[in-house]
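Hello,

Here is the structure I said I would pass on. Please have a look before you read my notes below.

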Amino acid sequence: MGEVKLFFGPNHPGMHGNFSVHMYVEGDIVKRARPLPGFLHRGFEKLMERRYWLSNLALIPRICVPEPDINEACYAMGIEKIAKLDVPERAQWIRMIVLELARMANHLSAIGGVGGPIGLYTASHWGTADRDRILDIFEALTGARVYHMYIIPGGVRKNMTPQIEEMIWKVMDYIESRLDDYENLIFKNRILHSRLKGRLVLTREQALEMGVTGVGIRATGVEYDIRKVDPYLFYDKVEFEVPTATDADAFSRVYLKFKELSQSIKIIRQALEKMPQSDKVNVPISKGSALRHVVPKGMAYAHIESARGEFGFFVVSDGKNKPYRVAVRGASYPQGLYGIEKYLPGTRIEDVALWLATMDVCAPEIDR
Amino acid sequence: MTNSMSKAVEVLKSFNPFVEEIDDREIKISLSNDKVISALDVLKSIGFSHLSLITCVDWIDDNQFELVYILFNWEDGGKILVSTRIDRSNPKFITVKELWPVARFYEREIHEFFGIEFEGNDDMRPLFLELWDEKPPMRKDFDPSKYSKEKFPDRKYEKDVIKEAKIFRGEING
């Protein structure tokens, strides 16, 4: 049988964002695969150099669509490192709550996203519906559902009111009450098991060699989580576990995301309890009006554990009112480019979408 | 500084590094060109095995590019920014794809956006840009607004919309 070239994407229901893979197949088996990013390249890094420090806030959430808050957080933490700013305590707790809510929203849509390629559409509907409850919180807190522009260098934009805290408690209770249903209907489902169990195995050695982070590495039994290893904000002051699995297959990667939901709920509850009452939630990064803010000379790399792994911003300042250089470390860069080329050969055609979904390949953060 | 970081500084002493502390768990080590690859090799073997990012900064006033390798230690959370400066007029460096295979793509990206050649990495096809015919776009002397004005000139609308609207409202006679 001859080799046939097939195209995956740039538009494909199994993929969030536009990403293309050229597959050379024989029968159903992929022989070679070539990733073709670039469909969502918008030149963010160049655009950032041409805008003021604070104007960039309107731009950077767009780098990663499903989880935009991590961009703001990394950017803000990078600037705070260079300027040696002390962020008010309440702002740091609020940031933690926002980041965990974003992680939950991303995991819920990822569980839904796995439902698409395998044909279990209940997962898609449930994931999307429950994610919407979290987006409601974001709407109340920040005024926007998807791109919040809420975490700013020096703190957060507005204080969290008691009503919103009440709302978060309620939504957390609701999502926790749904978890058993998720487990029974989705994760004990035979469709999911037969499509995901034992498929797309990425061993520990391969993951470490490739530099995969997030659930990709934790599914191999390693407890690598930046929140634990290199704690930022107040992650060292809350108790939570890092769920791991040993099968290293597609199923355990999705199941870990589900397991992390309950850990995020735990973190949010602790943060709401421990958060001090205060009106001060931000400090200016320098004197003067917001558009004239300057950041002292220096460079810093700030990274956080996003829902997809290590996400980081490398920020360079030359002491002026615009960034000199900003580089983004997309969490799915290794598995989205090198991983596709190296580990897709040998799999079946229908598993290509599963690789992209379970390894959380996010096209906008690769292309930037 | 974490234990692994002080150990790294200790081990790298013979390389004449310039060490700056950014915060408790992050330092920047500047090295001369010829020592970077062996320093990265040493750092990888003492625990800084995770390559977070390879990136580049264009210091146009000094006529230099600064290459930055960000390494992370999964054991105690130490971060090391290994930095070196290369000549901007003849930008060339050596690949690290033997140490970290994923570096191939970071280098390909830097080649595309800054125009730096990496010896030993022969896969330098364009990654993100399509049919690019200008100088590498992340260089400081590339002006995107000038480029887009030349490439995509403003269109002139022939129709006089305001006049048409006035005729429509009956304010003037067509």
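Start with the interface: 29 residues of chain B are in contact with 28 residues of chain A. Contact here means C-beta atoms, placed from the backbone, within 7 Å. β3(B) gives the most to chain B's side, with six residues. By class, that side has 18 nonpolar, four polar and seven charged residues. Ala, Val, Leu, Ile, Met, Phe, Trp, Tyr, Cys and Pro count as nonpolar, Asp, Glu, Lys and Arg as charged, and the others, Gly among them, as polar.

A note on the model. It is predicted: local features need pLDDT of at least 70, side-chain atom pairs count only at pLDDT 80 or more, and totals for chains, interfaces and linings use all residues. Residues are numbered from 1 along each chain as its sequence is written, with chains lettered from A and ligands numbered from 1 in the order in which they are written.

Next, the core. The largest nonpolar core has 155 residues. Such a core is a set of buried Ala, Val, Leu, Ile, Met, Phe, Trp, Tyr and Cys residues joined through C-beta atoms within 7 Å. Buried means 20 or more other C-beta atoms within 10 Å; exposed means 12 or fewer; partly exposed is in between. A:Leu101, A:Val315, B:Ile80 and B:Val82 have the most contacts inside this core.

Last, A:Ser262. This residue lies in helix α10 (residues 250-274) of chain A. Helices are DSSP runs of H or I, at least four residues, and strands are runs of E, at least two, numbered from the N terminus. A:Ser262 is partly exposed, because 15 other C-beta atoms lie within 10 Å.

Best wishes

Technical notes: Contact = placed C-beta atoms within 7 Å.
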